[in-house]
Amino acid sequence: MNHSSMEPEPEPIEPLRYLSKAEATAMETELLQDYRFGQQQLIEIWGHACAIAITKAFPLSSFSKKQPTVLVICGPEQNGCVGLVCARYLRIFEYEPTIFYPKRSQHSLYQDFTMQCEKMDIPFLSYLPTEVQLINDAYNLVIDAILGLDADHLDSKEPYSSILVTLKQVKIPIASVDVPSGWDPEEARTDGINPEVLVSLTAPKKCAASFSGKHFLAGRFLPYDIQKKYELNLPEFPGTDCMIEL
């Protein structure tokens, strides 16, 4: 007798929610105002999770005889600060980050993150090597922390438009933070860089639905009430991991 037909049907798993730009902004505002997270705290959580994701996607052992050199390109807004924190943790994890941060913010919090990297003896470049050959030879990985969710109006302005032109030509892997630079957060990619890895912060944005590379999510810290309110349907995070590969 076949008993399998008598077993209860498993609960259907709701699909992961992909957020619009307005929803992501509203959720961050709630975290800051209602849940009393600090901006510095959120940037630290995200940057740490990004660094962990990089170590999963590109473990030190994968560099074999090459040096684990990483070029972290930081934009002027919050996404750039997440890149700074990521670089600091990569340094702690024995990678060799170098930072290119062409337009440093006057925001005191952002200056603090910059100082922390300088005190870790992480080198800062004064210019981006435009010769693609130089990037390909000098670095084994690029982290795109340039534009993100808030800075999509900057992709047509210098120096960011030139940076994107260069990044479209590099042969080494690119890992993007939250929204690949040059992408519209709401839509599938039409013309932008082509990263191998994407680390979504808090919850994935709508544009990530068309991303086909390795996709990590840094959202475990979210309070349950806010997860429920936005119907995020976050996956089960393994063990004590702060991020998960989707």
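Predicted model: local features only at pLDDT ≥ 70, side-chain atom pairs only at ≥ 80, totals over all residues.

Which element gives the largest share of the lining of the largest cavity?

Modeller: The largest share comes from H1, with four residues. Residues are numbered from 1 along each chain as its sequence is written, and side-chain values use heavy atoms, with hydrogens and water left out.

A cavity is found on a 1 Å grid over the protein atoms alone, as a set of points where a 1.4 Å probe fits but cannot get out; lining residues have an atom within 4 Å of a point. Grid points are joined across faces, edges and corners, and a volume is the space filled by probe spheres set on the points. By this rule there is one cavity of 30 Å³ or more. The largest cavity holds about 220 Å³ of space. Its lining consists of 19 residues, and those closest to the centre are Glu-28, Trp-46, Gln-78, Leu-149 and Asp-178. Two or more residues of the lining are given by each of helix H1 (21–33) and helix H3 (78–92); helices are DSSP runs of H or I with at least four residues, strands are runs of E with at least two, and both are numbered from the N terminus. By class, the lining has 10 nonpolar, four polar and five charged residues. Here Ala, Val, Leu, Ile, Met, Phe, Trp, Tyr, Cys and Pro count as nonpolar, Asp, Glu, Lys and Arg as charged, and the others, Gly among them, as polar.

Two packed helices are described by the angle between their axes and the distance between the axes. Axes are lines fitted to C-alpha atoms, for helices over the stretch in contact, and angles run from 0 to 180 degrees between N-to-C directions. H1 and helix H2 (residues 39–57) have axes that come within 9 Å and cross at roughly 120°. H1 and H2 are therefore oblique to each other, since angles under 35 degrees count as roughly parallel, over 145 as roughly antiparallel, 65 to 115 as roughly perpendicular and the rest as oblique. In their contact (heavy atoms within 4.5 Å), Glu-28, Leu-31 and Leu-32 of H1 meet Gln-39, Leu-42 and Trp-46 of H2. The contact of H1 with H2 comprises four nonpolar, one polar and one charged residues.

H3, in turn, packs with helix H4 (residues 108–119) at an angle of about 25°, and their axes are 9 Å apart. H3 is therefore roughly parallel to H4. The crossing of H3 with H4 is left-handed, a term used if the near helix is turned anticlockwise from the far one by less than a right angle, whereas clockwise gives right-handed. On the H3 side the contact has Gln-78, Cys-81, Leu-84, Val-85 and Arg-88, and on the H4 side Tyr-110, Phe-113, Thr-114, Gln-116 and Cys-117. These residues divide into six nonpolar, three polar and one charged.

H4 also meets H2. The axes of H2 and H4 come within 11 Å and cross at roughly 40°, which makes H2 oblique to H4. This crossing is right-handed. Gln-39, Gln-40, Ile-43 and Glu-44 of H2 make the contact with Leu-109, Tyr-110, Phe-113 and Gln-116 of H4. There are four nonpolar, three polar and one charged residues in the contact of H2 with H4.

Definitions and conventions: 1 Å grid on protein atoms, 1.4 Å probe; cavity = no way out; pocket = protein on both sides within 12 Å on 5 of 7 lines; lining within 4 Å.
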